Amino acid sequence: NRRIILASRPVGMPTTDNLPIDTVTLPAPGAGEMVVKVLYLSLDPYMRGRMDASKSYAANVALGDPMVGGAAGRVIASNNPKFKDGDYVFGMFGWQEYALSNGAGVRKLDPAQAPITTSLGVLGMPGMTAYVGLLDKGRPKAGETVVVSAASGAVGGLVGQIAKIKGCRAVGIAGGPQKCAYVVDELGFDACVDYKADDFREKLKEAVPAGIDVYFENVGGAVSEAVMTRMNDFSRVALCGLIAHYNDTGAAEGVDRLPRFMFSMLAKRMSLNGFIVSDHPERAGDFFKDMTAWVRDGQVRYREDIVSGGLDKTVEAFQGLLTGRNFGKLIMQIAED
Ligand code: NDP
């Protein structure tokens, strides 16, 4: 069995030196166990945090252990009464070609209902993040303006579409004209602003004539700074991610802008709600019911960026996620079915 292990903790961008491939013999499944052939591995920004020594909201990966990750695969040998050979399943199978599982946390997938890759994106963790973060943390009301960064991505693309369903004005922020065009033309946002363009701040101002009531934060850095100046009184920030900072190696140099930011929060009576999707299992039923219906009715569209090349290309694809090379939900194809 080939797998990618965490051999050393990255400083800045992770490399194949930090994440080499090793080969081990997979033991035969014992009582209650099964072997899953991994077909599609989800690559997600949170994995960068798991590579660090410091413990965050979830435990880090120990040196020498395989990298963690959600994946969709097919059962090829089962001694577990709940799963039979040939079943398609989702589970935390990790960055490897085969996984030995006792069935805990494993969910059966029905490819006749939806492609199995959707369990990693629109109907999986990123979809649930958009749903819980926007509705429960952003609390948008019809007529309000919702802004979301990383707007063409797995989470961001869904946030704006849910905002539209709830009667809001949806404005995206994304890197480059191609991603911005997709966000407006395909996903139906009211506007999308390119943060890499020189006139970003002016274009953002034009896109939010009534100011911003909800900001769904995925990025941090210069993007949030620009957004913060346009927030309305009593506005809400759903603090989902800060991907621009995941490879930071120390505190930023320069002016300390924190006091000004805090003062603006006070003066505008803003609320900032950090959240982690896995804290909200009670919302999984609502999410799945609503999102399935929205996708079926064409109210929600999604884009998957499926990269081939298996484990040999996985680290490279992960690096692309941290620099914006992906376009849509990044999924690594580990094997042919
Ligand atoms: P995406 O599919 O949005 O991919 C990441 C995108 O982030 C890139 O395509 C790129 O878009 C943007 N990006 C990357 N590097 C930078 C940078 N240095 N500066 C600005 N933008 C950058 O990923 P996800 O939808 O899976 O995740 C989006 C966010 O949601 C992440 O911050 C992630 O950590 C967070 N998240 C949080 C969860 C929670 O429970 N709180 C759960 C799941 C995700 P572009 O080209 O437009 O810059």
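1. Strands are DSSP runs of E, at least two residues long, numbered from the N terminus. In this predicted model, strand β4 spans residues 71-78 and contains Val 75.

2. A residue is classed as buried if 20 or more other C-beta atoms lie within 10 Å of its own, and Val 75 is buried because it has 22 other C-beta atoms within 10 Å. Leaving aside residues up to four places away in sequence, Val 75 touches Met 34, Val 36, Phe 83, Lys 84, Asp 85, Gly 86, Asp 87 and Val 89. Asn 102, which is 27 residues from Val 75 in sequence, is 12 Å from Val 75 in space, C-alpha to C-alpha.

3. Turning to the ligand, 31 residues surround it, and the closest are Gly 153, Val 155, Gly 175, Gly 241 and Gly 324. By class, this shell is made up of 17 nonpolar, 11 polar and 3 charged residues, with α2 (125-138) and β15 (329-333) each supplying at least two of its residues.

4. The ligand lies between two domains, because domain 1 (2-121 + 303-333) and domain 2 (125-279) both contribute residues to the shell around the ligand.

5. Helix α9, residues 314-321, has Thr 314, Val 315, Ala 317, Phe 318 and Leu 321 as its buried residues. They cover an arc of only 160 degrees around the axis, and therefore sit on the same side of α9. In an α-helix there are 3.6 residues a turn, so residues three or four places apart point the same way. The elements that cover the buried residues of α9 include β1 (2-4), β3 (34-42), α1 (46-50), β14 (304-307) and β15.

Definitions and conventions
Residues are numbered from 1 along each chain as its sequence is written. This is a predicted model: local features need pLDDT of at least 70, side-chain atom pairs count only at pLDDT 80 or more; totals for chains, interfaces and linings use all residues. A residue is near a molecule or strand if its C-beta atom, placed from the backbone, lies within 6 Å of it. Helices (H or I, at least four residues) and strands (E, at least two) are DSSP runs, numbered from the N terminus. Ala, Val, Leu, Ile, Met, Phe, Trp, Tyr, Cys and Pro count as nonpolar, Asp, Glu, Lys and Arg as charged, and the others, Gly among them, as polar. Domain bounds come from an automatic or database domain assignment. A residue is buried if 20 or more other C-beta atoms lie within 10 Å of its own, exposed if 12 or fewer, and partly exposed in between; C-beta atoms are placed from the backbone. Two residues are in contact if their C-beta atoms, placed from the backbone, lie within 7 Å. The arc is that of the directions from the helix axis to the C-beta atoms.
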